[in-house]
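Biologist: Let us go through the terms one at a time. Show me the model first.

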Amino acid sequence: MPLNIHESWKEHLGPEYELPYFSDLANFVKKEYAQFACYPKGKEMFAAFDHSTFDNTKVVIIGQDPYHGPNQANGLCFSVRDGIPHPPSLINIFKEIEQDLGKAYPKSGNLERWADQGVLLLNATLTVRAHQAGSHQNKGWETFTDAVIKKLSQEKDGLVFLLWGGYAKKKVSLIDEGKHHILCSGHPSPLSANRGLWFGNKHFSKTNELLTEQGKQPIDW
């Protein structure tokens, strides 16, 4: 498994690579990519960390699994490649931004533009087998990404964590609420959004208010 993760993260996550679970995970991922179509591309496995360095990270959005359709996943949660139709959850994210900030609905669903501003778009599981949602869950990725969240909580201050849906909300226990800001809502999926649990959460304007209060540059959503 290529550890093409940004140098700023290696310093903080290096010890994880030495643990037995990570070796098992690396072997599992290598076999899966050798035998099956898997997403994202190997070089994009750690794209979230490459775009949002440890020092620059100021907002964390937690997803669950990469998209498992062809040419969708690019290593950032909720994000798709340029030119790819927007999945339902991403459509609802953009609709909420329209309502919250008055920004026009964007043509591209590629969220690299957020990540480059310090939004860590972290899936709990970083890989998936094609057309099989959840196929790489419980193989070690969650242990690794939980360690990421803990490190951020311990070693940084004033981060804004956006926890959407029941799965993401379970990560609250990893975050020091005395040091960081946590915004929770329903998931942007149609199932949740259509029940009134997503729209109107104003997480994007609230995030920018929290960043501005700390003297940090707000996000251009």
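Modeller: The lining of the largest pocket divides into 13 nonpolar, 13 polar and 1 charged residues. This is a predicted model: local features need pLDDT of at least 70, side-chain atom pairs pLDDT 80 or more, while totals for chains, interfaces and linings use all residues. Residues are numbered from 1 along each chain as its sequence is written, and side-chain values use heavy atoms, without hydrogens and water.

Biologist: What makes a residue nonpolar, polar or charged?

Modeller: Ala, Val, Leu, Ile, Met, Phe, Trp, Tyr, Cys and Pro count as nonpolar, Asp, Glu, Lys and Arg as charged, and the others, Gly among them, as polar.

Biologist: What makes a space a pocket, and what a cavity?

Modeller: The grid is 1 Å, over the protein atoms alone. In a cavity a 1.4 Å probe fits but cannot get out; a pocket is an open set with protein on both sides within 12 Å along at least five of seven lines. Lining residues have an atom within 4 Å of a point. The largest pocket holds about 450 Å³. Of its 27 lining residues, Gln64, Asp65, Tyr67, Phe78 and His187 are closest to the centre.

Biologist: Which residues line the largest cavity?

Modeller: Pro40, Met45, Pro66, Gly75, Asn123 and Leu126. By class, 4 are nonpolar, 2 polar and none charged.

Biologist: Why does one side of strand 3 and of strand 6 lack a neighbour in the sheet?

Modeller: The order of the 4 strands is 3-2-5-6, in an open, parallel sheet. Strand 3 (119-123) and strand 6 (181-185) are at the edges with a single partner strand each, so one side of each has no neighbour. Strands are DSSP runs (E, at least two residues) numbered from the N terminus, and two pair if DSSP finds at least two bridges. Strand 5 (160-164) and strand 6 have 5.

Methods: Points joined across faces, edges and corners; volume = space filled by probe spheres on them.
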